[in-house]
Amino acid sequence: MPELPEVETVRRGLQPVMEGAKILTAEARRPDLRFPFQPDFVARLQGQVVTGLGRRAKYLMADLASGDVLLMHLGMSGSFRVIKPDDEAAPGEFHYPRAKDSAHDHVLFRMSSGADIVFNDPRRFGYMKVIARNALDEEPLLRGLGPEPLGNAFDAAMLARSCQDKTTSLKAALLDQRVVAGLGNIYVCEALHRSHLSPRRIAATLSTRKGEPTDHAKRLVGAIHTVLNDAIKAGGSSLRDHRQTTGELGYFQHSFKVYDREGEKCTTPRCGGTIKRFTQNGRSTFWCPKCQK
Ligand SMILES: [Zn+2]
């Protein structure tokens, strides 16, 4: 499943062909993805200039001149292709397999920039919805989302406050979208490893009794910033190599230190431990029992 850095990479890949361009035609080739398309989905998009392409958590948000916002979520298997008259590219390279079968091309935007933007999604957990900008605060899909992990509001003090009374594991707390938005299994594993904190640690240990952040909380926030920024940077480099669309395993995987590395030697200097895997809240957790406490 694409996580925040992948979505950010897609945003950066789509930005040059979407921002400032008009959606000449929009096409929904089926009645639904994860949810049915709104009856006026196409009508609210066609003829609209995209004034900006932003991101909130794992949502892409295209601002339209009409005052509407097109919300797009990649789900489990969604991806975009950018087709120009002399070129075809898929923004970013990913850890998850990307389908190329045109039978799964479900949405198409023909842009005045000369590009066709195709949304492909074999498993159809992705979705798109047009929402009035002034109604975003009440939008159920966005309501309750916690702070952006790379935004100014997210710091050790805030994380400590959110975890103060949590008796769940640190892993579960970080996957809770109300605590921090857009983090998924891969980058939570990576951030915990980098900060040398056990995924089983009780979340409340990030906070002192007074609700102040412990050193653990500070270390963890720093690690979250680093793993996300590194992945976004790696995604940026994969954008430049977008013609190499053959491999299904992308650039991101090579920068993982623990995820999917069960049985390998821990990369923490002088640790000498071995990466283990166990199931936690139904998901695989990868960690080093020796240096993550
Ligand atoms: Zn280790």
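This is a predicted model: local features need pLDDT of at least 70, side-chain atom pairs count only at pLDDT 80 or more; totals for chains, interfaces and linings use all residues.
Ser 198 sits in the loop that links helix H5 (185-194) to helix H6 (215-240). Ser 198 is buried because its relative accessibility is 9%, under the 20% limit. Show its side chain. The side chain reaches the backbone nitrogen of Arg 200 at 3.0 Å. Now display the contacts from further along the chain. Leaving out residues up to four places away in sequence, Ser 198 touches Leu 170, Trp 287, Gln 292 and Lys 293.

Next, step back to H5. How many of the 10 residues of H5 are buried? Nine are, so the helix is largely enclosed by the rest of the structure. Select the buried set: Asn 185, Ile 186, Tyr 187, Val 188, Cys 189, Glu 190, Ala 191, Leu 192 and His 193. Then pick His 196, which follows H5. Its phi is positive, near 60°.

Centre on Leu 159. Setting aside neighbours within four places in sequence, Leu 159 is in contact with Phe 154, Leu 174, Val 179, Leu 206, Ala 217, Leu 220 and Val 221. As a general rule, nonpolar side chains in soluble globular proteins tend to be buried together.

Now go to the zinc ion. Which atoms coordinate the zinc ion? Show the SG atoms of Cys 266, Cys 271, Cys 288 and Cys 291, at 2.3 Å. Check the angles among the four donor atoms: they run from 104 to 114°, and the site is tetrahedral. For comparison, the ideal angle for four tetrahedral donors is 109.5 degrees. Along the sequence, the donor residues follow the spacing C-x4-C-x16-C-x2-C.

Are these cysteines buried or exposed? Take them one at a time, with under 20% as the limit for buried.

- Cys 266 is buried, at a relative accessible area of 5%.
- Cys 271 is buried, at 8%.
- Cys 288 is buried, at 0%.
- Cys 291 is buried, at 15% relative accessibility.

A search for disulfides, taken as cysteine sulfur pairs within 2.5 Å, gives a count of zero.

Finish in the loop between H6 and strand E10 (276-280), and select Asp 260 there. Asp 260 is not a glycine, yet its phi is positive, about 65°. Asp 260 is partly exposed, because its relative accessibility is 41%. Move on to Arg 270, found in the loop between H6 and E10. Arg 270 also is a residue other than glycine with a positive phi, near 65°. Is Arg 270 buried or exposed? Arg 270 counts as exposed, because its relative accessibility is 84%, over the 50% limit. In general, most residues other than glycine have a negative phi.

How values were computed:
Residues are numbered from 1 along each chain as its sequence is written. Side-chain values use heavy atoms; hydrogens and water are left out. Helices (H or I, at least four residues) and strands (E, at least two) are DSSP runs, numbered from the N terminus. Buried means under 20% relative accessible area, exposed over 50%, partly exposed in between (1.4 Å probe, protein chains only). A polar contact is a pair of N or O atoms within 3.5 Å; within protein, one must be able to donate a hydrogen and the other to accept it, and residues adjacent in sequence count only if both atoms are side-chain atoms. Contact means heavy atoms within 4.5 Å. Donors are N, O and S atoms within 2.8 Å of the metal (3.2 Å for Na, K and Ca); water is not among the atoms, so sites may look incomplete. Four donors count as tetrahedral if all angles lie between 85 and 135 degrees; four count as square planar and six as octahedral if opposite donors are over 155 degrees apart and all others between 65 and 115; anything else is irregular.
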